[in-house]
Amino acid sequence: MTGPPGAGKSTLVEKMTALFRKDGQTVAIVAVDPTSPYTGGAILGDRIRMSSLFCDPGVFIRSMATRGSSGGLAFRTREVCDLLDAFGKDVIIVETIGVGQAELDVADTAQTTVIVLVPESGDGIQAMKAGLMEIGDLFVVNKSDRDGADRLMVEIQMMLDLRPQCEGWRPGVMRTTASAGEGVDELVRQIQGHRDYLKKYGILGRLRKDNVRSAIVDLVRQRLEEKFWENAGIRSVLDRLAEEAAGGKMSPYQAFERLLEAREQNGMKPSTNKEQSDHVR
Ligand SMILES: Nc1nc2c(ncn2[C@@H]2O[C@H](COP(=O)(O)OP(=O)(O)OP(=O)(O)O)[C@@H](O)[C@H]2O)c(=O)[nH]1
Ligand SMILES: [Mg+2]
């Protein structure tokens, strides 16, 4: 579930969860808050909003924050979801604010991405700018008790017309009033429908593989970069080259080539007996 701040994501999640529970399914909710620091307040906010779920042992709520850095957020979210999956949760809902690359990456870890927008404040255009239109499997116009819901529905449909079509799937666009619980059953039905589609076309397995693949690529990037900067001397070479490039003696590309050479030649090979970095689990 992704969308701008205050769009009603948590309210929708709460109402959806109630429906899943009625159906006998266990639910885990992962609230990802990539921008604000890890404060009791932020967590408390979401917990209070989800207070009706609080006493149900069939519902697990966990908040995650990045503590200032966005790197690796998708990776950690994926790990948390894997764990929850291993614990046998039937439904895992990730809530994230849909602004910025880190959030798009988080959305990428999900099997079904629901974009929540609201009529006011030209959300449709904002969504397009943020790249949300490309990643949405389903679109919700929440707060449709307010003016402009119809117009936003039309805008979204028009944007979807411009989007490359997936075989067998056109994202549904639906309206909800989460605070009153209206339209939530239809949303749950459509999520189930998307899951059926993923199964029918054999996409679930591919998504899983893509996820694992990008986890491995993340690890490679992380490890290689750590190794590259391991020797303290390389930083002073960087400083020197940066100064020369800034003074117009070479381009950044040339400086980069010189940095690579310096690392390879001047005994700057990383030590080989170093234990696994603690960043890499
Ligand atoms: N009028 C109206 N208000 C709603 C609706 N859904 C949610 N709200 C209200 O909108 C406010 C924000 O709702 P949240 O569910 O916290 O929104 P959110 O997207 O989770 O917000 P963040 O997690 O802070 O980004 C709350 O005061 C809700 O009661 C709706 O359909 N209509
Ligand atoms: Mg929220």
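Predicted model: local features only at pLDDT ≥ 70, side-chain atom pairs only at ≥ 80, totals over all residues.
Me: Why are serine 10 and glutamate 95 called buried?
Reply: Buried means under 20% relative accessible area. Serine 10 has 4%, so it is buried. Glutamate 95 has 9%, so it is buried too.

Me: How do you know that aspartate 150 and arginine 175 form a salt bridge?
Reply: The rule asks for a side-chain nitrogen of Lys or Arg within 4 Å of a carboxyl oxygen of Asp or Glu. Here the closest N and O atoms are 2.1 Å apart, so the pair qualifies. Aspartate 150 is in helix 7 and arginine 175 in strand 7, so the bridge ties together parts 25 residues apart in sequence.

Me: Are these two partners buried or exposed, and what makes them so?
Reply: Aspartate 150 is at 53% relative accessibility; exposed means over 50%, so it counts as exposed. Arginine 175 is at 36%, between the limits of 20% and 50%, so it counts as partly exposed.

Me: What makes arginine 258 and glutamate 244 a salt bridge?
Reply: Their N to O distance is 3.9 Å. The limit is 4 Å, so the pair counts. Arginine 258 is in helix 11 and glutamate 244 in helix 10, 14 residues apart. Salt bridges that share partners join Arg240, Glu244 and Arg258 into one network.

Me: Which residue pairs with arginine 21, and how do you know?
Reply: Aspartate 56, with the closest N and O atoms 2.7 Å apart. That is within 4 Å, so it is a salt bridge. Arginine 21 is in helix 1; aspartate 56 is in the loop between helix 2 and strand 3, 35 residues away. By this rule the count of salt bridges comes to nine.

Me: How do you know that helix 10 has the span expected of it?
Reply: Helix 10 (residues 233-246) has 14 residues and reaches 20 Å from its first C-alpha to its last. At 1.5 Å a residue the expected value is 20 Å, and the span is close to that.

Me: What puts the buried residues of helix 10 on one side?
Reply: Ile234, Val237, Leu241 and Ala245 are buried. They cover an arc of only 70° around the axis, so they lie on the same side of helix 10. An α-helix has 3.6 residues a turn, so residues three or four places apart point the same way. The face turned away from the buried side carries the exposed residues Asp239, Glu243 and Ala246.

Me: Why is leucine 224 called exposed?
Reply: Its relative accessible area is 53%, and exposed means over 50%, so leucine 224 is exposed. Leucine 224 is found in helix 9. With Val212, Ile216 and Val220, Leu224 forms a nonpolar surface patch of about 340 Å² of accessible area together.

Me: What makes lysine 143 stand out, and where is its place?
Reply: Lysine 143 has a positive phi of about 55° although it is not a glycine. Its place is in the loop between strand 6 and helix 7.

Terms used:
Residues numbered from 1 in each chain as written. Chains lettered and ligands numbered in written order. Heavy atoms only, no water. Patch = residues over 30% accessible without salt bridge, like charges linked within 9 Å, V, L, I, M, F, W, Y side chains within 5 Å. Areas by Shrake-Rupley, 256 points an atom, 1.4 Å probe, with all protein chains shown as cover. Helix = DSSP H or I, 4+ residues; strand = E, 2+ residues; numbered from the N terminus. Buried < 20%, exposed > 50% of the residue type's maximum accessible area, 1.4 Å probe, protein only. Expected span 1.5 Å × (residues − 1). Arc of directions from axis to C-beta.
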